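Reader: I would like to go through this model one feature at a time. Please give the general idea, then the case at hand.

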Amino acid sequence: ETAALGELPTADRYNLSLRKAAEKFRRAREEARLSLRDLGEKAGLAPSTILKIEQSHMVPSMAICIRLADALNRKISWFFKEGEATDDVRFIMRRRA
């Protein structure tokens, strides 16, 4: 059984968060059906930089995160939310029976 994120040592929380964000960047790129080269052109980054981010070998700056989010048509918060990535829903309307 895994410990809750808050119960992990700081270094482990950091590494886990970095891996989750990296996975979300890769998933968003694949869902957009963009190659590393295509995304690099849209974001103004080298494909090798994007690959390093997706493999958790590089921690991107906030500026790079914003460029990637814009190129992928995502809110930057989507990449750093805990849990499964879902659309940013603020209100849910329910009909009364």
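Reader: What share of the 97 residues of the chain counts as buried?

Author: The model is a predicted one. A residue is taken as buried when its relative accessible area is under 20%. By that cut-off, 27% of the chain's 97 residues are buried.

Reader: How many helices and strands are there in the chain?

Author: The chain has four helices and zero strands. Its pattern along the sequence is therefore written α-α-α-α.

Reader: What share of the contacts joins residues at least 24 apart?

Author: The count takes contacts between residues at least 6 apart in sequence, and 53% of these join residues at least 24 apart.

Reader: How do H2 and H4 pack, and at what angle?

Author: Begin with the cut-off: angles from 65 to 115 degrees count as roughly perpendicular. Helix H2, residues 36-43, and helix H4, residues 62-71, pack at about 110 degrees, and their axes lie 9 Å apart. The two helices are therefore roughly perpendicular to each other. Their crossing is right-handed.

Reader: Which residues make the contact of H2 and H4?

Author: H2 contributes Leu39, Lys42 and Ala43, while H4 contributes Arg67, Leu68 and Ala71.

Reader: Why would residues three or four places apart in an α-helix point the same way?

Author: An α-helix has 3.6 residues a turn, so residues with that spacing point the same way.

Reader: Which residues of H4 are buried?

Author: In H4 the buried residues are Ile64, Cys65, Leu68, Ala69 and Ala71. Viewed down the axis of H4, they fall within an arc of 165 degrees, so they line one face of the helix. Met62 and Asp70, on the other side of H4, are exposed.

Reader: What is the phi of asparagine 73, which follows H4?

Author: The phi of asparagine 73 is positive, near 55 degrees.

Reader: Where is isoleucine 76 placed, and which residues does isoleucine 76 touch?

Author: Isoleucine 76 is in the segment after H4. Leaving aside residues up to four places away in sequence, isoleucine 76 touches Met62, Cys65, Ile66 and Ala69. Take Met62 as one of these: the C-alpha atoms of isoleucine 76 and methionine 62 are separated by 9.4 Å, with the two residues 14 apart along the chain.

Reader: What is the relative accessible area of isoleucine 76?

Author: The value is 27%, and isoleucine 76 is partly exposed. Partly exposed covers the range between the buried cut-off, under 20%, and the exposed one, over 50%.

Conventions
Residues are numbered from 1 along each chain as its sequence is written. This is a predicted model: local features need pLDDT of at least 70, side-chain atom pairs count only at pLDDT 80 or more; totals for chains, interfaces and linings use all residues. Side-chain values use heavy atoms; hydrogens and water are left out. Axes are lines fitted to C-alpha atoms, for helices over the stretch in contact, and angles run from 0 to 180 degrees between N-to-C directions. Angles under 35 degrees count as roughly parallel, over 145 as roughly antiparallel, 65 to 115 as roughly perpendicular and the rest as oblique. A crossing is left-handed if the near helix is turned anticlockwise from the far one by less than a right angle, and right-handed if clockwise. Contact means heavy atoms within 4.5 Å. Buried means under 20% relative accessible area, exposed over 50%, partly exposed in between (1.4 Å probe, protein chains only). The arc is that of the directions from the helix axis to the C-beta atoms.
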